[in-house]
Every structure is written in structure tokens, then in C-alpha cells.
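Here are some comments on the model, written as numbered points. Please keep the structure open while reading them.

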Amino acid sequence: MNIRHAGVFIVIWGSLFLGLLLSLIKLPAEADVFSPNYVVCVLLYWVIVVPEKVNVGIGWFTGLIFDFLLGATLGIHAAAFAFMSWIVASQFKNIRYYSLIQKTIVVGAVNCLGQFLLFWVEHIFGVVTVDYQVFWSCLSTMLLWPLVYLVLTLVYEAVTPKSALELYDY
Amino acid sequence: MVDKLGYFGISSTARFIICGIFSLVLIVCDSHFNYFKDLRYTLEGWLTPVYYVANMPVAFGRGISESRYSYQELLRENNFLKREISDIRVDLLRYDSLVEDNERLRRLSNSPIQDDFRKIGAEVIMVDTNPFSLTVMINRGTDDDVYEGQPVVNEEGIVGLVISVSKSTSRVLLISDQNHAVPVVVLRNGIRAIASGTGVVNELSIVNMPRNVDIREGDLLVTSGLGGKFPRGYPVARVSMFDRREGVQFAEIKAQPTVLLDRLRHMFLIWVPESQREQVYTGTPDAGDRNDTGSQTGENNKPGGN
């Protein structure tokens, strides 16, 4: 592992950790239903941009850490995150070349599907009522994603020399 | 196009299937067999700083809004609090003699005497962001002898139950969580009921009550002490809606917890004497095992409700 890879490694894990931390923050009760899912934004960004580094495995692992942090049943968020990464990685192989709006729509839809899966698994293994307000957070996640995209692209390009970026474009 | 996603030579679909199986195994092990209790204990000990950092923006915002209090406002609040303290002191003047009276009467009727409970203050360090569960994390753990299934109250009534403990933090399941139920009595006439959580933060529902039951809007529900988790006589909720619609088997009764559960900050952990705890712990499901107990049908299997 050379310096360049170390930089990318730090940026990926640093951003995922920051996403996890932000997801733990509880907004005041009135704004809380609109709080976006930061960690999903960051995870899906990396799955789109560097699918050969971040995909199902890392998605699953991030979800597992999220489960630990939330004190939820272990494996529930892990399954949902792995599912979201899998859809993006396997069904949208050329998503890197989509326009930003198209990417945003895909991310929003995939996140929504992921929330359904979460509900479903929670429903099988526990008692849960469907709180439709959760889907407000899907909307805000979708609106936040372009911003995450721009910020993380700037950071990622700063740690990756141009030649390395071109290598990935096959 | 060649599938370039294979890191160890397997495609992402294969990897998803492996991860899915792993997740299923983990979920079953965690929710039905509670295998990861010790691991959680250790990890939450390490992760305590993370929770403090995550709560920093909230604490910071609160600090700012508090520092903007003017001198006048502080003075007014101070006066108000002084008046309230003297009010409470006057009420308390007779407390000692009443306690003694009560003790004497209990001795006359050969009833066991209720001791005061040991209590300790705690502060919320993080509110759960998981939409499926209503829990908060508090800054007390095994270092302060907190145990699983311990009742948590504040000055307005019952807050909830400790469901997992780590070294210096623990998680409290709020009474309005889906998987929680408290045995209560109506203070006015002593009707026993079970107030179970609905998942909506400020709402409980009184389940399985016949339509002709004597419960009115505004009735205060207090703990009956029957489950053995909560001591007797703490306020739980006030009945906010009573609907005896025709054609349904049971009345639909909603109650609002006396504690403002979405604005929690300070609370008290109370120690129920070991002897009373022991009686009810034998043969009842573990309080920390919320998914296991919650998935069963009977209300009585819910933590706090047995």
C-alpha cells in the first residue's frame, strides 16, 4: 500500500465514521422526522465512485457498526446497507457516468427500498408499527445527497492524483 | 463487460448472499438467544466517548440558549423556584408524621413496611435515532451498580426501564416503546389495567378493557407494583381518550404519560430492594431481551408487564 492508497483509505473510512457520528445526532423533536440518513449518503457515494473498493462487504460492516451504536438488534442495518450497496453495485454498473440528477434519483430510490427492507426485517423479528414519517427522511436524504457528492468529490480528488482517476475510467 | 467488482474473485451478488446469511444468523442469535451481551458491554464501554461527541451539538445548542438568559429572567425564575420550594416544604411538613402513621397502621394489619428506595440522579447523554425503538442512553452504568430491569423515574412519574448496562452508560427503554408495558391501577377506583406503549412517544394504550369499564378521561394511572419491576404508586399516565365504540370487543383507551418523554433530561434510577426483586425474577423473561419478549403474543410477556 503506497501513500496514495493510504490517503484514499483514510478518506473513505474517515467519511464513513463521520457519517455514522452525524447519524447519531438527534435533532429537536419538530425537525427530527426530516433528519437525513447521513451514513447512507456517504456509503452510496463510495459505492458509486469506487465500487472496486467499497461495495457490499464494507456496506455490511458499516451497517453492523451502526447497529452497535444504535443498540439495535445486530444485523438489521447491516442487512439493509448490504442490500443498498448490492443494488447500486450490481444493477447500475455505469452509474458513474450518469448525470448528477440521475444519480440522485437512483440514490433516493435505493435508500427508500432500504428503509422498506429495514421495516420488513424489524417486523419479522420484533414489534413495530409503520411510521410513515420515516419517508420524510428518505426525501431529505435524497436532497442532501448532491451536497455530499460535491464535498466528497472535492476531498477525493484532493487525495487522488489525476492519473489515478483516469486509471479507473475504463 | 468483465465484472470488475470481484475483489476476492466473487461477484457482488454472491457477496450480498453471504452478507445476507450472516445478517440473518446475527439477527436470530441476537434477538432470540442474546449471545452478544458481553460483547455489547465491552464495546459500549469503549464507545462512550463517541456518544458524548455525538451529543455535543445538542449540548452546545442548549448551552447557547442558556447563556442567553438575561438577568431579569434569571431573577424571575429564581423567585419562582424559591416559592415552589417553600410550597413543597409546607406540604412535606406533615410527611414524616404521615409516614409514621402509615407504618403503625401497617404493623397493626401485619403488612410489610415499605422502605424508602435508594436513588441516584442520571442525565441523558444520547437519544436514540432509531425510528423503531424509543430508548435513551444515560450516564450511569455498572460503576454505579445499575442493573438490568431497573426502574427509572423522574419528578413527574415513571420514565422507563433499564434494558442494557455497560460500564459507565446504560440504555433506558421508555414506557411508550412498542415493546414495553406497565401494570397500572386507576387511582380513583383501583381498577387494574396494563398500559402498553404504542411507539408514539407521548401515547400509551390501555389494552383489553371491556367497554363498560369505569375509566374516564383525566383519570390518573399509577403503577400497581404487580409486575415487580416498578414499585407501587408512581404516576404513569393520564387517560386522554376513551372510546367505547359499538361493534368492537374492547374499549379503545389512550393515555398520555405524565412525563414529557420527548423532553427528557434528568431522571432518577431507583433500587428496588433485593428481596422484592428476587420474588419476581424467577421464571420471568429477561428484561433486556426486548425482541424475544416482544414477539410473543401475551401482554404479560412484555418487560415490566409480567
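1. Which residues does B:A195 touch, not counting residues up to four places away in sequence? They are B:A181, B:V182, B:V184, B:L204, B:I206, B:L221, B:V236, B:A237 and B:A255. Bear in mind that this is a predicted model.

2. B:A195 also belongs to the largest nonpolar core, which has 97 residues. Together with A:L44, A:A82 and B:V159, B:A195 touches the most other members of that core. The element that gives the most to this core is helix α4 of chain A (residues 76-91), with 12 residues. In chain B, domain 1 (13-66) and domain 3 (119-306) both give residues to the core, so the core lies between these domains.

3. The contact between the chains takes 37 residues from chain A and 41 residues from chain B. On the side of chain A that touches chain B, α1 (3-24), α3 (56-70), α4 and α5 (100-125) of chain A each supply at least two residues. Here again α4(A) gives the most, with seven residues. By class, this side of chain A has 23 nonpolar, nine polar and five charged residues.

4. Helix α6 of chain A (residues 134-159) has 26 residues. From its first C-alpha to its last, α6(A) reaches 36 Å, close to the 38 Å expected at 1.5 Å a residue. There is a bend of about 30° at A:L144, and the proline A:P146 follows within four residues.

5. Which residues of α6(A) are buried? They are A:S137, A:C138, A:T141, A:M142, A:W145 and A:V148. What covers these buried residues includes α2 (38-49) and α5 of chain A. In an α-helix, residues three or four places apart point the same way, because there are 3.6 residues a turn.

Key: Residues numbered from 1 in each chain as written. Chains lettered and ligands numbered in written order. Predicted model: local features only at pLDDT ≥ 70, side-chain atom pairs only at ≥ 80, totals over all residues. Core = buried A, V, L, I, M, F, W, Y, C linked by C-beta atoms within 7 Å. Buried ≥ 20, exposed ≤ 12 C-beta atoms within 10 Å, placed from the backbone. Domains from an automatic or database assignment. Contact = placed C-beta atoms within 7 Å. Nonpolar A, V, L, I, M, F, W, Y, C, P; charged D, E, K, R; others polar. Expected span 1.5 Å × (residues − 1). Bend = angle between axes of the 7 residues up to and from the residue.
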